[in-house]
Amino acid sequence: MSEMHAPLERESIGEVAHRTGIPVETLRFYDRSGLLGDLPRTAAGHRAFDAASLGLLDVVIRLRRTGMPVSQVRDFVALVRTDTDRAGRIEILRAHRARVVDQISQLQGDLGVIDWKISAYTAAEQGREIPEPPARWPAVTDLLPPLDDLRAGERTGTEGA
């Protein structure tokens, strides 16, 4: 979520969408999917977000943004709503945390290769020696040409990747 200020007593879905930058349709989808628990309603039946709803929404957004499937978020929210199975919530969060840590590690490796490619192309443009690639790169050696072939292509201007 973008910026969260102290909520009014209850906020409409439009107010929450405006304040958080989350589209109204996404908020409706989350509600229909059971990701927001028992969302309070006004007398007219409109969704009304209170402090607890906004707190749960914040967690849901973070879980979804880090790749937790809707079905697992729904399971987590169900456990939150019953407030009896903390061990189950912890298990879900620990498993998801492990996946997020793996994603971060993968992204850091990917970023290292991107940074190296920028350095290598910049060096080639400036006529300097191409820097050594990151450790353990390339990782998928059977799908890529040998590193020497990549360097030869970069030196001759026929780079492929």
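Colleague: Which helix holds G112?

Modeller: G112 is found in helix 5; a helix here is a DSSP run of H or I of at least four residues, a strand is a run of E of at least two, and both are numbered from the N terminus. Keep in mind that this is a predicted model, in which local features need pLDDT of at least 70 and side-chain atom pairs count only at pLDDT 80 or more, while totals for chains, interfaces and linings use all residues. Residues are numbered from 1 along each chain as its sequence is written, and side-chain values use heavy atoms, with hydrogens and water left out.

Colleague: Why is G112 called partly exposed?

Modeller: Buried means under 20% relative accessible area, exposed means over 50%, and partly exposed is in between (1.4 Å probe, protein chains only). G112 has 27% relative accessibility, so it counts as partly exposed. Its C-alpha atom is separated by 9.5 Å from that of W137, 25 residues apart along the chain.

Colleague: What makes R97 exposed?

Modeller: R97 also has its place in helix 5. Its relative accessibility is 58%, and the cut-off is over 50%, so R97 counts as exposed.

Colleague: Let me step back. How many helices and strands does the chain have?

Modeller: There are 6 helices and 2 strands. Along the sequence they follow the pattern β-α-α-β-α-α-α-α. Of the 161 residues, 32% count as buried.

Colleague: Which residues are buried in helix 1?

Modeller: Helix 1 takes up residues 13-20, and its buried residues are I13, V16, A17, R19 and T20. They pack against strand 1 (11-12), helix 2 (24-32), strand 2 (48-49) and helix 3 (51-65). Just after helix 1, G21 takes a positive phi of about 85 degrees.

Colleague: What share of the contacts joins residues at least 24 apart?

Modeller: A contact means heavy atoms within 4.5 Å. Among contacts between residues at least 6 apart in sequence, 43% join residues at least 24 apart.

Colleague: How do you know that D31 forms a salt bridge with R47?

Modeller: A salt bridge is a side-chain nitrogen of Lys or Arg within 4 Å of a carboxyl oxygen of Asp or Glu. The closest N and O atoms of D31 and R47 are 2.7 Å apart, so the pair meets that cut-off. D31 lies in helix 2 and R47 in the loop between helix 2 and strand 2, so the pair ties together parts that are 16 residues apart in sequence. D31 is buried at 11% relative accessibility, and R47 is buried with 17%. D31, R41 and R47 are linked in a network of salt bridges.

Colleague: Why does the pair of D38 and R81 form a salt bridge?

Modeller: Their closest N and O atoms are 3.9 Å apart, which is within 4 Å, so the pair counts. The pair links distant parts of the chain: D38 is in the loop between helix 2 and strand 2, R81 is in helix 4 (residues 70-82), and they are 43 residues apart. D38 is exposed at 66% relative accessibility, whereas R81 is partly exposed at 46%.

Colleague: What makes R89 and D83 a salt bridge?

Modeller: The closest N and O atoms of R89 and D83 are 3.2 Å apart, so they too are within 4 Å. R89 counts as buried at 13% relative accessibility, and D83 is partly exposed at 44%. The structure holds 8 salt bridges.

Colleague: Which residues lie nearest the centre of the largest pocket?

Modeller: Q106, G109, D110, V113 and R136 do, out of 12 lining residues. The lining divides into 5 nonpolar, 5 polar and 2 charged residues; Ala, Val, Leu, Ile, Met, Phe, Trp, Tyr, Cys and Pro count as nonpolar, Asp, Glu, Lys and Arg as charged, and the others, Gly among them, as polar. A pocket is an open set of points on a 1 Å grid over the protein atoms alone where a 1.4 Å probe fits, with protein on both sides within 12 Å along at least five of seven lines, and lining residues have an atom within 4 Å of a point.
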